[in-house]
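Biologist: I am new to this structure and would like to learn how to read its features. Please take me through them one at a time.

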Amino acid sequence: MPQPRLLIATRNPGKVREYRRLLRDTPHELVSLEDLGITEEVEETGQTFEENARLKACTYAALGEILTLADDSGLEVAALGGEPGVRSARYGEESSSGPRRRYKDDRERVDLLLRNLRGVPWERRTARFRCVIAVVTPPSPPPARGG
């Protein structure tokens, strides 16, 4: 009898390798979006890590018709009110005034973060990395926004 499959819903090859290592003892064949030929992108429109993880997991579970694991993660800096948080990958790109700035890599986002921490004493420069994982079974239509 073949192993049940579990889709690791990320395009990041390092993340796929990490999940394969972490889940090596599960009774599932681990497959990636690339393995299944899924090319659709899911826009992360949630306001929380949980919303984004669920949105991705539900969408890819429906597309692949397979048990699916997806995550959303980011850095939360206490002195910045939890920023960049759920917007970590897009940190600094949102702007209420003027054109949106596109950062070409993580280094530029780190530089922006450090500039935003100017004047904050070292003892108040605390942060945490948060990761939320969602696992869903198909068929799983995307959840309603905010749900």
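Biologist: How many aromatic pairs does the structure hold?

Modeller: A pair of aromatic rings is described by the distance of the centres and the angle of the planes. Rings of Phe, Tyr and Trp (its six-membered ring) pair if their centres lie within 6.5 Å; planes under 30 degrees apart count as stacked, over 60 as edge-to-face and the rest as tilted. Here the number of such pairs is zero. This is a predicted model, in which local features need pLDDT of at least 70 and side-chain atom pairs count only at pLDDT 80 or more, while totals for chains, interfaces and linings use all residues. Residues are numbered from 1 along each chain as its sequence is written, and side-chain values use heavy atoms, with hydrogens and water left out.

Biologist: Which charged end sits over the ring of W122?

Modeller: A charge sits over a ring if NZ of Lys or CZ of Arg is within 6 Å of the ring centre and within 35 degrees of the ring normal. For W122 it is the charged end of R125, 4.7 Å from the ring centre.

Biologist: How many salt bridges does the structure hold?

Modeller: A salt bridge is a side-chain nitrogen of Lys or Arg within 4 Å of a carboxyl oxygen of Asp or Glu. The structure holds 10. One of them joins R21 and E18, at 3.0 Å from N to O. Both residues belong to helix α1 (residues 13-22), and being three residues apart they are separated by about one helical turn. Helices (H or I, at least four residues) and strands (E, at least two) are DSSP runs, numbered from the N terminus.

Biologist: Which residue forms a salt bridge with R20?

Modeller: D35 does, with the closest N and O atoms 3.0 Å apart. D35 lies in helix α2 (residues 33-36) and R20 in helix α1, so the pair ties together parts that are 15 residues apart in sequence.

Biologist: Where do R90 and E44 lie?

Modeller: These two form a salt bridge, their closest N and O atoms being 3.6 Å apart. R90 is in the loop between β3 and α4, and E44 is in the loop between α2 and α3 (49-64), 46 residues apart. Salt bridges that share partners join E44, K56, D72 and R90 into one network.

Biologist: Which residues of helix α4 are buried?

Modeller: Buried means under 20% relative accessible area, exposed over 50%, partly exposed in between (1.4 Å probe, protein chains only). In α4 (residues 106-116), E108, R109, L112 and L113 are buried. They cover an arc of only 145° around the axis, which puts them on the same side of α4; the arc is that of the directions from the helix axis to the C-beta atoms. The buried residues of α4 pack against β3 (67-77), where contact means heavy atoms within 4.5 Å.
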